[in-house]
Amino acid sequence: MRAALVVIALAATAAVAHAYPQYQLSREQTCGACHLTPTGGGLLNGNGELTDEDDARWGGDPTFLHGAVELPEWLHLGADVRFAAGASDRGGGLGGAAFPMQLETHGQADYGAVSLVADLGVTIPREGEPLTALLARQHYLQWRQGEDGWYGRVGRFMPTYGLRLAEHTAYTRRFGGTPLFGETYGASVGWVTAGAEVHLTGFAHDRLRASVEDADGAALYAEKRLGKVSVGAEARYANGAEDVRTEGGVTGKLWLDGPQVLLSAEAQVVHQAFDAGSSRDQLVGYLMTSWFPAKGFMLDVGLGHYDADVKVPKLDRDTAEVNLHFFPKAHMELVLMGRVQLIGLGDGGPGSGYGLLQFHYRL
C-alpha cells in the first residue's frame with residue numbers, strides 16, 4: 001500500500017493535461033470550438049475529436065474508448081494518463097528521471113444548457129489519511145448559452161487568465177497567476193464569440209485542504225480577434241495570507257499561413273505588497289513560436305523571463321524550452337521536451353534543466 005501511494009503521489013505532482021491554445025487561430029477562433037467548456041481544456045466536443053483525428057499522423061477513431069462504447073448524448077467521459085522519462089539537473093548534477101505525471105478521469109453530465117463537470121485524480125495524501133490521495137481538482141456547475149454567447153459557472157476551477165498555455169513551466173503561468181494545481185473555488189461569468197471574449201472570475205482559496213493558491217480575489221481577461229491576429233488584456237487581484245498581489249498584462253497571437261507558424265506572447269507586471277510592510281515589483285514574460293511542419297507534428301520553442309524584484313540585481317531568471325509533439329494516432333501523443341534555465345544569466349546561482357520523453361494517452 002505504501003509503495004502504491006508513492007506512485008500515486010508522483011503521478012499527481014508533475015503535470016496536468018490541458019488544451020493546446022496553439023490551435024486557436026491556427027485551427028479555430030475559440031478554445032470552446034473544440035471543447036465542451038467555453039474556456040477550453042478538459043473534454044473534447046465532436047469538433048475537437050475530429051480535429052484530433054485530422055491532426056494525427058495515421059488517424060484513428062477519436063471518440064471515447066476508440067468508439068468501443070457509445071455514450072448517451074447527455075454524458076461525456078474521459079481520462080488522461082501521462083508518463084515521462086529522461087534526465088534532469090536541478091543544480092546538483094545530471095541524473096536520471098522516470099515517473100508517472102498524471103492519472104485523472106473527467107466527466108460531464110448535461111441537462112439542457114446546464115452541465116455538471118468534475119475531474120477525479122490522485123495527489124499526495126496526508127500522513128495516516130490515505131483517502132486524501134483522491135483529489136477532485138475541478139468540480140463545478142456550468143450554464144452555457146450555446147457555442148457563442150454567455151456562460152456562467154460556480155465551483156472549483158482555474159480562473160480564465162492569460163494565454164492558458166498547457167506548459168505549466170512557462171513563467172507567465174508559474175509566476176503569473178495560473179500555477180500548476182492553482183485551482184480555486186469561485187464564480188465566473190463570460191461572453192465568447194468568434195471575434196472576442198471576456199471572462200470575469202471571483203475566487204477564494206480552498207479552506208478544506210492545502211492549496212497552491214492561498215489568496216482570495218478576482219481575475220479579468222478580455223481578448224479581441226481580427227482574422228489571424230488576436231490581442232488581449234488581463235488584470236488580477238489576489239489578497240493572500242502574507243501578501244497582496246496586483247497584476248496586469250497583455251497577450252498577443254499571430255498566425256502565419258505560409259510557414260504554418262503561430263507566434264504567441266504574454267507580458268505581465270506584478271506588484272507584491274507584503275503584510276510586513278515591504279513590497280516589490282516583478283516582470284514576467286513569455287514568447288512561444290509554434291510550427292506545424294507536417295501532419296502529426298508540432299514544434300514549440302519558448303523563451304521566458306522572470307524578474308523577481310526589478311530593484312535587486314541577479315534575481316532574474318531566463319529560460320529556453322523546446323517541445324516536439326508527435327501525434328501518431330488519435331488519443332495518443334509523444335512529446336520530446338527540453339528546458340534550460342539560468343539565474344542572473346549564470347551569475348545569480350546554478351542553472352537547471354531537463355530532457356524528457358513524455359507519453360500521453362487520452363481515453
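Visitor: Which ring does R153 lie over, at 5.3 Å from the ring centre?

Guide: R153 lies over the face of F157, and the distance to the ring centre is 5.3 Å. This is a predicted model. A second ring is involved as well: the charged end of R153 sits over the ring of Y140, 4.7 Å from its centre.

Visitor: Where does V154 lie, and what does V154 touch?

Guide: V154 is part of strand β6, which covers residues 149-157. Not counting residues up to four places away in sequence, V154 touches Y140, L141, G186 and A187. V154 has 47% relative accessibility and therefore counts as partly exposed. Between V154 and T201 there are 9.6 Å in space, C-alpha to C-alpha, while in sequence they are 47 residues apart.

Visitor: How is a pair of aromatic rings described?

Guide: Two quantities are used, the distance of the centres and the angle of the planes. In this structure there are 9 aromatic pairs. One of them is Y23 with F292: the ring centres are 6.1 Å apart and the planes stand at 35°, so this pair is tilted.

Visitor: Which parts of the chain does the pair of Y23 and F292 link?

Guide: Distant ones, 269 residues apart. Y23 is in the loop between α1 (2-13) and α2 (46-55), and F292 is in the loop between β13 (279-291) and β14 (297-307). Both Y23 and F292 are buried.

Visitor: Is the pair of F175 and Y306 stacked or tilted?

Guide: Stacked, because the planes are at 5°, with the ring centres 3.8 Å apart. F175 lies in the loop between α3 (171-174) and β7 (184-192), whereas Y306 belongs to strand β14, so the pair ties together parts that are 131 residues apart in sequence. F175 is buried, as is Y306.

Visitor: Which residues form one aromatic cluster with W255?

Guide: Y23 and F292 form that cluster together with W255.

Visitor: What is a disulfide, and how many does the count come to here?

Guide: A disulfide is a covalent bond between the sulfur atoms of two cysteines. Here the count comes to 0 disulfides. C31 is in none, and the nearest cysteine sulfur, that of C34, is 8.6 Å away.

Visitor: Does C31 count as buried or exposed, and what of C34?

Guide: C31 counts as buried because its relative accessibility is 12%. C34 has 11% relative accessibility, so C34 counts as buried too.

Conventions: Residues numbered from 1 in each chain as written. Predicted model: local features only at pLDDT ≥ 70, side-chain atom pairs only at ≥ 80, totals over all residues. Heavy atoms only, no water. Disulfide = S-S within 2.5 Å. Buried < 20%, exposed > 50% of the residue type's maximum accessible area, 1.4 Å probe, protein only. Phe/Tyr/Trp six-rings, centres within 6.5 Å; stacked < 30°, edge-to-face > 60°. Helix = DSSP H or I, 4+ residues; strand = E, 2+ residues; numbered from the N terminus. Lys NZ or Arg CZ within 6 Å of the ring centre and 35° of its normal. Contact = heavy atoms within 4.5 Å.
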